[in-house]
Structure formats: structure tokens, C-alpha cells
Amino acid sequence: MSINDQSSGDTLTGYPRKPQILARQSVAKSRLFEIESLDLRFSNGEERQFERLTGADRGAVMIIAMPDPEHVLLIREYAAGFEDYVLTLPKGLVDPGEDIITAANRELMEECGFGAHRLEPLVELSLAPNYMRHRMQVLLATDLYPKRLPGDEPEPLIVETHAIEELPSLLLREDFHEARAIAALYIARDKLREEKRDTGMDLL
């Protein structure tokens, strides 16, 4: 795509055209991250420079793994950004040649020691979209079975089991604060509640 390409129409009714990209350049790069500078011209003529994180853009998965209908598996891992251990959901990048189902099952085996006979895509979540285009595919994993694969973690992860209906209590913990994990669990909880209501109605 040319740097002068511009959206030919509105993505949502009532929204202006996307800004025109006047120039882009890489301003910094490390083993994991690249910072890209974008010179933009908006539809009203205003020009601004934005910076964003880019990368391989392979996609990523986050897994809500349920060993039974009432509980979910969470992992405790070291988060370098906070210099502390955090409680979150198993997750990881999609490897080349994988689809999200295969990637989710592999990550679940590596991080929790379980595989899943059933994996269902739930939702796609983003993180800080003003600064990165990273997308996370959330999947619900059920009908689990023991299966361990070696992963790339520097130390064994601690796997904990929590009741999915205890989300308000989890939010009071200082080590449970990742927004994507919180959103994913609430979405899964509401879906499971709805399914239970529908099943109950069918039995009447």
C-alpha cells in the first residue's frame, strides 16, 4: 500500500474519512519491539505526528480454561512491566502456520498442563489502540485433559483454580489487574450464565 493511500469512504456512518498517511519511518527497534512514526493529515486539514509500537503482528490468544462448569484456571507469572508477579489468564503468540485454535491449545498445554477437546472463540480484544495494533483472540476451553508441553517460560508457572462467579473478589486483589483478562472473564461468565438460563428454560 502506498503511503499516500487514503480511505475511500467512512468506516462508520457519520465518521470522517481516515487520516492520510504522509510519511512513516522506524525510529527505534529492539529484539521484541519497533517504534514507528506516522505523519498524518486529517480530513479537516490538521496534521499531526503519531508514534506506535509495531511488531510481527502474528496475533495472540488468551484462554479461559474451565476444568469444570464452575471454575477457571489462572496462572501466576512474573510481569517485567510491573516488576512483580501477577495473576492472569494463560496466553501467548500465534506461531507461524498455526490457527488460533491450535495456538490456544498449545499455550494451554505449555502454561497449565492441560489440553482441551473443545475450544470456542469468544471475542477479540485490543490493548491501547492509540499506540499499538495488537489484537488478542479470547477462547473458551472446556472438556480438559492432562497434557504438558515444554514452553519458553523462564520458570514454572503457578496454576490456580478460581470460581468464575468470584470475579468481584478477584478484583479486590492487588495482583489481579490485567484489563484484557478481566474483560475476558466477565464476557465468559455472562455467556455461561445465559447458557444456563436457556438450558433451564428448555427443561421446563
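Start by selecting E120 and K191: their side chains make a polar contact of 3.0 Å. A polar contact here is a pair of N or O atoms within 3.5 Å; within protein, one must be able to donate a hydrogen and the other to accept it, and residues adjacent in sequence count only if both atoms are side-chain atoms.

Before moving on, note that this is a predicted model, in which local features need pLDDT of at least 70 and side-chain atom pairs count only at pLDDT 80 or more, while totals for chains, interfaces and linings use all residues. Residues are numbered from 1 along each chain as its sequence is written, and side-chain values use heavy atoms, with hydrogens and water left out.

**Stop 1: around E120**

Stay on E120. It sits in strand β8. Helices (H or I, at least four residues) and strands (E, at least two) are DSSP runs, numbered from the N terminus. E120 is partly exposed, at 22% relative accessible area. Buried means under 20%, exposed over 50%, and partly exposed in between, with a 1.4 Å probe and protein chains only. Show its contacts next, meaning heavy atoms within 4.5 Å. Leaving aside neighbours within four places in sequence, E120 touches V138, L139, L140 and K191.

**Stop 2: the largest core**

Select M62, I64, L74, L89, F176, A184 and L185. These have the most contacts inside the largest nonpolar core, which has 22 residues. Such a core is a set of buried Ala, Val, Leu, Ile, Met, Phe, Trp, Tyr and Cys residues joined through side-chain atoms within 4.5 Å. β4, β5, β9, α2 (167-171) and α3 (179-203) each supply at least two residues of this core. The largest share, six residues, comes from α3.

Centre the view on I64. Its contacts, not counting residues up to four places away in sequence, are V72, L89, L122, V138, L139, L140, A141, A184, L185 and A188. Then colour L73, I75, A104 and A116 separately: they are among the 16 residues of a second, separate core. In soluble globular proteins, nonpolar side chains tend to be buried together.

**Stop 3: T88 and E178**

Go to T88 in strand β6. T88 is buried, with a relative accessible area of 0%. Its side chain joins that of E178 through a polar contact of 2.5 Å. Beyond four places in sequence, T88 is also in contact with L74, I75, E77 and A181.

**Stop 4**

Show residues 71-79 and 84-88. These are strands β5 and β6, which run antiparallel and are joined by five bridges. Two strands pair if DSSP finds at least two bridges between them. Find Y78, which stands opposite Y85 in β6. Four residues lie between the strands of this hairpin, and E83 takes a positive phi near 55°.

**Stop 5: helix α1**

Select residues 100-112. This is α1, with 13 residues; it reaches 17 Å from its first C-alpha to its last, close to the expected 18 Å at 1.5 Å a residue. The expected span is 1.5 Å times one less than the number of residues. Ten of the 13 residues are buried, so α1 is largely enclosed by the rest of the structure. The buried residues include A103, L108, M109 and C112. The buried residues of α1 pack against β4 (60-65), β5, β7 (91-93), β8 (114-126), β9 (135-146) and β10 (158-163).

Check both ends. D99 caps the N-terminal end: a side-chain oxygen lies 3.3 Å from the backbone nitrogen of I101. After α1 comes G113, with a positive phi near 80°.

**Stop 6: the three-stranded sheet**

Turn to the open sheet of three strands, ordered β1-β2-β3 with antiparallel pairing. β1 (20-29) and β3 (47-54) are the edge strands, each pairing on one side only. β2 (residues 34-41) and β3 pair in the antiparallel sense over eight bridges. Within that pair, S37 stands opposite E51 in β3.

**Last stop: two positive phi values**

Most residues other than glycine have a negative phi. Select A128, whose phi is positive, near 45°. A128 lies in the loop between β8 and β9. It is partly exposed, with a relative accessible area of 33%. Finish at D143, placed in strand β9. D143 has a positive phi of about 55° although it is not a glycine.
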